[in-house]
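Me: Hi! Could you walk me through this one while I have it open?

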Amino acid sequence: MEFLTSSAGNILSALPPFLLVLTIVVFFHELGHYLVGRWCGIRAEVFSVGFGRELIGFTDRHGTRWKLSLVPLGGYVKFLGDENATSLPAGGDGPVLSDADRAQSFPNAALWRRAATVAAGPVANFILAIAIFAVMFGLNGRMIADPVVAEVQAESAAEAAGVLPGDRFVAIDGVSVETFDDVQRYVSVRPGVAITITMDRDGTAVDLTLTPVRTEISDNFGNKMEVGRIGVVTNTDAGNFRVQEYGPLEAVGEGVSQSWYIVTRTVDYIGNIIIGREKPDQLGGPIRVAKYSKDMSTLGIAALIQLAAVLSVSIGLLNLMPIPMLDGGHLVFYVFEAVRGRPPGEAVQEWAYRFGLTIVLALMLFATWNDVTMLIG
């Protein structure tokens, strides 16, 4: 009973920061759909943050109902001609549209306009993340260190490979290395995978092969994860720690780089799950995001906004998966339509949406199970 009471209290205290982060991400995702749809001449009937019963809302001069709904776990834009909020194809039993309405309806828009409108949601998520990271880098810069080894840990992969204090990383698997953070990022996502490192040792290039060791680590809040480690450490003297400042354009470039890193790390992780190299226990759902939101809120609003950027990339990437019910699934249908000259039949689309719904629900249940397991653990 004490555990249940404590867990319930933790979840309730996590709700405000979680809802703040999720609302920001969902709003910008749907705003992308809305703005590009409007630009393409498609009329939006409803813009909703959340699902279910409307809590508060208003209708603008274009006839769009903007509302905040009861269940704040997502959102949608309903365009004219959509059967429902999931954009299922409108059947023949729907309301008869006038010629003027048909010209502004989603199903009757040109293929490229529909594709652009659908793709705009994930794109808006990526733009939001890049903008947040760019502002953070522009305001605060970034702490960096030279990729110089100060210490080689005993019985580590680096020691076994022959890495020595004073060695400087030049490249890993042919990829140029500029900072110690570059080394950590590359190694952390490759536990158990042999890599080749090129070191500068007193002006001589030395190639060494080693395999990062899978290591469980915990952050300051007790969140555990498994990463690759090779057993090298830098310090202030060897690494020349300093704050790298960025101008506006450089900050945007760093924002793009940081967002792309999250994408590649996520794709690598999912790929490693598929081939059995990684465990799927890091796939989390709303409960885990709520916990992280609460953790970040203790560090201040800037940390919470940065979490929103990370979540925005993740949601943008998730929505691009080629699964019916998601934006990526719609885009697959549009590719099919572009190739064949006509969309798939309604029966095929209905079957595909049911299949996609099954996959999405299964992923949600699995992620929630991981979240509950995390809380119990």
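**Loops, sheet and cores**

Reply: Happy to. A place to begin is Asp202, which is exposed, with a relative accessible area of 79%. Keep in mind that this is a predicted model.

Me: Where is Asp202 found?

Reply: Asp202 sits in the loop between E7 and E8. Its phi is near 55 degrees, a positive value in a residue other than glycine.

Me: And Asp173, where is that and what is its phi near?

Reply: Asp173 is in the loop between E5 and E6. Its phi is near 50 degrees, again positive in a residue that is not glycine.

Me: Why does Asp173 count as partly exposed?

Reply: Because its relative accessibility is 35%, and partly exposed covers the range between under 20% for buried and over 50% for exposed.

Me: How many bridges join E5 to E7?

Reply: There are 4 bridges between strand E5 (residues 168-172) and strand E7 (residues 195-201), and the two run antiparallel. Within that pair, Ile172 stands opposite Ile197 in E7.

Me: Which residues of H5 are buried, and what do they pack against?

Reply: The buried residues of H5 are Phe180, Val183, Arg185, Tyr186, Val187 and Ser188. They pack against E5, E6 and E7, and also against E10, strand E11 (232-233) and helix H7 (248-274).

Me: What does Ile195 touch?

Reply: Not counting residues up to four places away in sequence, Ile195 touches Ile172, Asp173, Tyr186, Val187, Arg190, Leu208, Thr209, Leu210 and Pro212. Ile195 and Leu210 are 15 residues apart in sequence and 5.7 Å apart in space, C-alpha to C-alpha.

Me: Nice. Let's move on to the hairpin. What joins E9 to E10?

Reply: Strand E9 (residues 213-218) and strand E10 (residues 224-229) run antiparallel and are joined by 6 bridges. Ile217 stands opposite Met225 in E10. The hairpin has 5 residues between its strands, and Gly222 in the turn has a positive phi of about 85 degrees.

Me: Now the cores. Which residues have the most contacts inside the largest nonpolar core?

Reply: Tyr34, Phe47 and Leu311 do, in a core of 27 residues. The elements that give two or more residues to this core are helix H1 (2-39), strand E1 (44-59), strand E2 (65-79), helix H8 (286-297) and helix H9 (301-319). H1 gives the largest share, 8 residues.

Me: What is Leu311 in contact with?

Reply: Leaving aside neighbours within four places in sequence, Leu311 is in contact with Val21, Leu22, Val25 and Val289. Apart from this core lies another, of 21 residues, among them Val177, Tyr186, Met199 and Val206.

Me: Last one: what does the protein come to overall?

Reply: Its secondary structure comes to 11 helices and 12 strands. The C-alpha trace spans about 80 × 55 × 40 Å along its principal axes. Of the 377 residues, 39% count as buried. Among contacts between residues at least 6 apart in sequence, 64% join residues at least 24 apart.

Key. Residues are numbered from 1 along each chain as its sequence is written. This is a predicted model: local features need pLDDT of at least 70, side-chain atom pairs count only at pLDDT 80 or more; totals for chains, interfaces and linings use all residues. Side-chain values use heavy atoms; hydrogens and water are left out. Two strands pair if DSSP finds at least two bridges between them. A nonpolar core is a set of buried Ala, Val, Leu, Ile, Met, Phe, Trp, Tyr and Cys residues joined through side-chain atoms within 4.5 Å. Buried means under 20% relative accessible area, exposed over 50%, partly exposed in between (1.4 Å probe, protein chains only). Contact means heavy atoms within 4.5 Å.
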